[in-house]
Amino acid sequence: MNSLKSSIVYINGIDTVEKDIRPKSRAAVPSPEQDIETIEIKGRHGSLTKKHGFRDIVYQLEFYINDNVSFKRAFRKAKVFLFQARTLGFSDDIEVFYRVKSIQIQTAENIIEKYGMFTVNFALAPFQFENNSIQTITDRTVIDNDGYQSEPYIKAYVSGTGKIIINDQEVTIQNVSEYIEIDSELMNAYRLDNNFIVNMNNHMIGDFPVLKHGDNIIEFSGDITALEIDTRFKWV
C-alpha cells in the first residue's frame, strides 16, 4: 500500500489526502456501458440493433486512513467530506473530471485502532467532462470538438434582437435587455437578476444548440455584441 504508487484522487477539486483519506492503489479507468437494444425478426438474418444513450458508471475506489487519532473518529470526519462529493478527478488525468451523482460507503475494516480501510461506490454520470474555461467570442469563430457531442452554456450580450448560428443550428433571441443565458444541457434560457433566476425561455426561438464532434462554426448577428461559451466538451 505505497501511496506513492497511488493516484491522487480529487473530490470537488480537493486532494483527499488533505482530509487524511488515502487511495489504496492506482485508480482504474472506467468506461460507460451503452444502452443497446437488439430485436430479433423471424426470417431475417441477424438482429436489428438500436443504440440509445450511455448508462451511468458504477465505480469503486478503496481508501485507507492511517492517522494519529482513532480510526473511528477519523472515519466519521471522512464521511462528512465524501458525502458532499460533486466531482471526481485524478492527478494522472487532470484535464477531465467526472460528475458524481451519489455515493455509498461500505462497512470499514478497522484492523488496529489508528488504521482502517473502506470502499466507496460512486455513481457517476457517463461522461468525462473537460476542465474548460469560458471563451469570449466577438466575431465568427471555429471551435474544434475532439470529443463527444456536447451541450454548451452560452451567455449572449444583446440589447434587442439577434441570432446565434452554430453550424446549421439557428437560435433567435428577441426583445432582450443586456444579456440572456442559454443552458443546452438543462434546456433552459434565463437570466440572473439580483441572484434571482428570471425565466427567459419566451425570448428564445429555436432548439437548444449543441457542439458536434469536429469543427463548429459559430456566428451571431443583429443586436448581439458578444458571446461567452462554456463548451462543456466531454468524452466517453
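Which residues line the largest pocket? The structure is a predicted model, in which local features need pLDDT of at least 70 and side-chain atom pairs count only at pLDDT 80 or more, while totals for chains, interfaces and linings use all residues. Residues are numbered from 1 along each chain as its sequence is written, and side-chain values use heavy atoms, with hydrogens and water left out.

The largest pocket is lined by Lys19, Asp20, Ile65, Asp67, Val69, Arg73, Ala74, Lys77, Ala78 and Phe81. A pocket is an open set of points on a 1 Å grid over the protein atoms alone, where a 1.4 Å probe fits, with protein on both sides within 12 Å along at least five of seven lines; lining residues have an atom within 4 Å of a point. The space in this pocket amounts to about 180 Å³. Helix H1 (residues 71-82) supplies the largest share of the lining, five residues. Helices are DSSP runs (H or I) of at least four residues, and strands are runs (E) of at least two. By class, five lining residues are nonpolar, five are charged and none is polar.

Lys77, a residue of H1, is exposed because its relative accessibility is 59%, the cut-off for exposed being over 50% with a 1.4 Å probe and protein chains only. Its C-alpha atom is separated by 50 Å from that of Thr172, 95 residues apart along the chain.

Strand E6 (residues 57-66) runs antiparallel to strand E3 (residues 22-23), joined by two bridges; pairing requires at least two DSSP bridges. Here Arg22 stands opposite Tyr64. E6 also pairs in the antiparallel sense with E10 (residues 115-130), over ten bridges, where Gln60 has Asn121 as its bridge partner.

Technical notes
Buried < 20%, exposed > 50% of the residue type's maximum accessible area, 1.4 Å probe, protein only. Points joined across faces, edges and corners; volume = space filled by probe spheres on them. Nonpolar A, V, L, I, M, F, W, Y, C, P; charged D, E, K, R; others polar.
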